[in-house]
Amino acid sequence: MYSTEQSCWFIRKVICWRAAASIAWAVLLLPPITAVFVILSRFSLLHPIHTISECFSLLTSASAIFSFILLCGVILMVGFLNLEYYTVIPTIACSKIALLGQLLHPRQILNSLAHCIMGIVVAWSCAVTIGGRYETLGYTCMQSEGSPQMCLNEYHLVFLLAGAFVGLSHSLLGVIHNMNYVSFHTVQQYKYLRFKGSLPLVVKCSATQALYSVRNFIIVYFFLGYIPRVWICKTLNLHLNSSVHPLDSIAGLLDLSLLYQLWISATFLLFTWYITLLLFRIFVTEVYSFPVQSSFTEDAHQCLPKVVTDRKPIILKFLALQDLALLSQHSPSRRYDVFSLSQPGGHPHNWNAISRECLSLLADLTQRLVGYHDTVATNGRAKSLSTGSERKTSSETSVISGSEEFMSPRPNMLMKTPASVFARSIAGGPQSPLTAPFTPDLDSPFASPALRRLTAPVEQCSPWHGSVQSPHIMRREPKLWSTSTDAQVNGSPPPPSPASVPSPQQEPSKPSLLAQFLQNRKEQLPEASSQALFADSQAHIWALEGLSYLVQASFSEDQFGVVQTTLPSILGCMLVLQEAVDRHFKLPHASSKPLRSSSSMGDSNYKTLRFALRATLKTSIYRITTTFGDHLNAVQMSAEHRKRLQQFLEYKE
């Protein structure tokens, strides 16, 4: 087993350098961006030539150079936070309580505090650059007694507070929209083309978010502006000029010049941060080519068969699977190395390692889908493991047995379903409820007899036995996606007789308003739960593409027949996964395709990963069946799998 230092070589030698390159480009782009901001903030239609010359002299002044140094420091800090908080598997909150927990996490609080400080620094630089009444926090004013004293410049204070507010809003929206999520583009492009194509979106998102942030800040300052104003005056021993209208009034906030300067400054702040984020995404997701095999033993941990099996860092595994999908399509020489035999010994170690890891990933996803389906098979209610094992249908049994057949001997999988989807009970025992995002069992003495009849077990002779219930029947159940808090650990008791139902006088008291509020906030969002289930499916998509293209190429390139020995396992694993995916899409919440939002810099590709996986899975099976054709009749498999495979051979799927 390789050491931790060897497994993290990719972070030190590749990811850190890519992050440094993205930060360097962001710093190089800062001067032209600052020049555009200065022109927009000081431009005058009546005196355009004078404005341009004034802007040029301002950009070369000592204060502008000092502000530029501060802005470079902010860019470095933003780049460091991007490197620290990025992820290739998004964290999807499946309930409002889970989202609130993410926002109040100590790590996120530190991130928000850092963005507030950076927002103040950028706002101060903007105020100094604009000059005039926004330049300083204090100024000399004359009171009624005629003695001069230092008064508070509320315009400068508003700029600083607006910068902190925009920074805080940006940090919170980053959690809500998963802005730290880094996705991999399907179409490979040069970095310059990706940057140029995304630039209009960055401008639009910066201007739009700045407009909403300034609007929200004006509302907050109108009601609470006196608090920071009084605190700053007492702390810095400043006075308020009675002859100037305070800005926390309607007359003070309806200053169009102030609103315009705030909007331009907020747009400049967000644009520089979004440019840094965009460059980081482009650089860190650049394709990396791993050697398939090496002549030196000390470099073996950097080869594709070893890298693809690594569990950490996740970015390394994703780039390895991406490289596998690309080499399987476009590189015959590297495919030859995959199909080659080791010397001495004549064993296909490269192919065995790659195929075993890909099959392990697919089998893990199959198990997760089967477990998820168990929780919603009975009108969306969570079932105990003991109860679920007694009520498994024949189709579910075949899926689980097929998954176990192709599982890797490694005990722990890399890709796990987010904890927000499969949240175990406090007991945590082997018979604890599998999940908690759904309605509790109604097998309590206080359950309605009508609802109990709807949720009764299906008879063996019923046409519903062994199949997914109709969505129309599922919609009869109220509160289909509420959290299970009273599910029993040791299975549900038998339904009580009508005589055992207690009288209305014996019914328990209603829960308190706080308990009802928390229960409503914990209700599961079905769409989010399905997205969380497929949050890491980009790895499975690459595994499917890599396997299917390698199997297709083996028909003419595999000289030693190493692929044919595992062809039954590959086909069986794909067919089992196909059945599990089909059953998942029969659920009412899984078939609705969410709309992609174009008004945010948050990458929403994870919302449609389940549809991409379904299409890739079907295409991969067709890729194999069209290549081998009737030769697949000689492959050993179960009768159920052969019947399903025949549907693909006849193009009926």
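User: Does N237 count as buried or exposed, and at what relative accessibility?

Analyst: Buried means under 20% relative accessible area, exposed over 50%, and partly exposed in between (1.4 Å probe, protein chains only). N237 counts as exposed because its relative accessibility is 59%. This is a predicted model in which local features need pLDDT of at least 70, side-chain atom pairs count only at pLDDT 80 or more, and totals for chains, interfaces and linings use all residues. Residues are numbered from 1 along each chain as its sequence is written, and side-chain values use heavy atoms, with hydrogens and water left out.

User: What phi does N237 have, and in which loop is N237 found?

Analyst: Most residues other than glycine have a negative phi, and most peptide bonds are trans. N237 is not a glycine, yet its phi is positive, about 55°. Helices are DSSP runs (H or I, at least four residues), numbered from the N terminus. N237 lies in the loop between α9 (226-236) and α10 (250-253).

User: Where is Y651, and what is its phi?

Analyst: Y651 sits in the segment after α25 (639-649). Y651 also is not a glycine and has a positive phi of about 55°. With 56% relative accessibility, Y651 counts as exposed.

User: Which peptide bond is cis?

Analyst: The bond from K312 to P313 is cis, with omega near -5°. P313 belongs to the loop between α12 (304-307) and α13 (314-330).

User: How much of the chain is helix over residues 155-176?

Analyst: Residues 155-176 are 100% helix and 0% strand (strands are DSSP runs of E, at least two residues). The end C-alpha atoms of that stretch are 31 Å apart.
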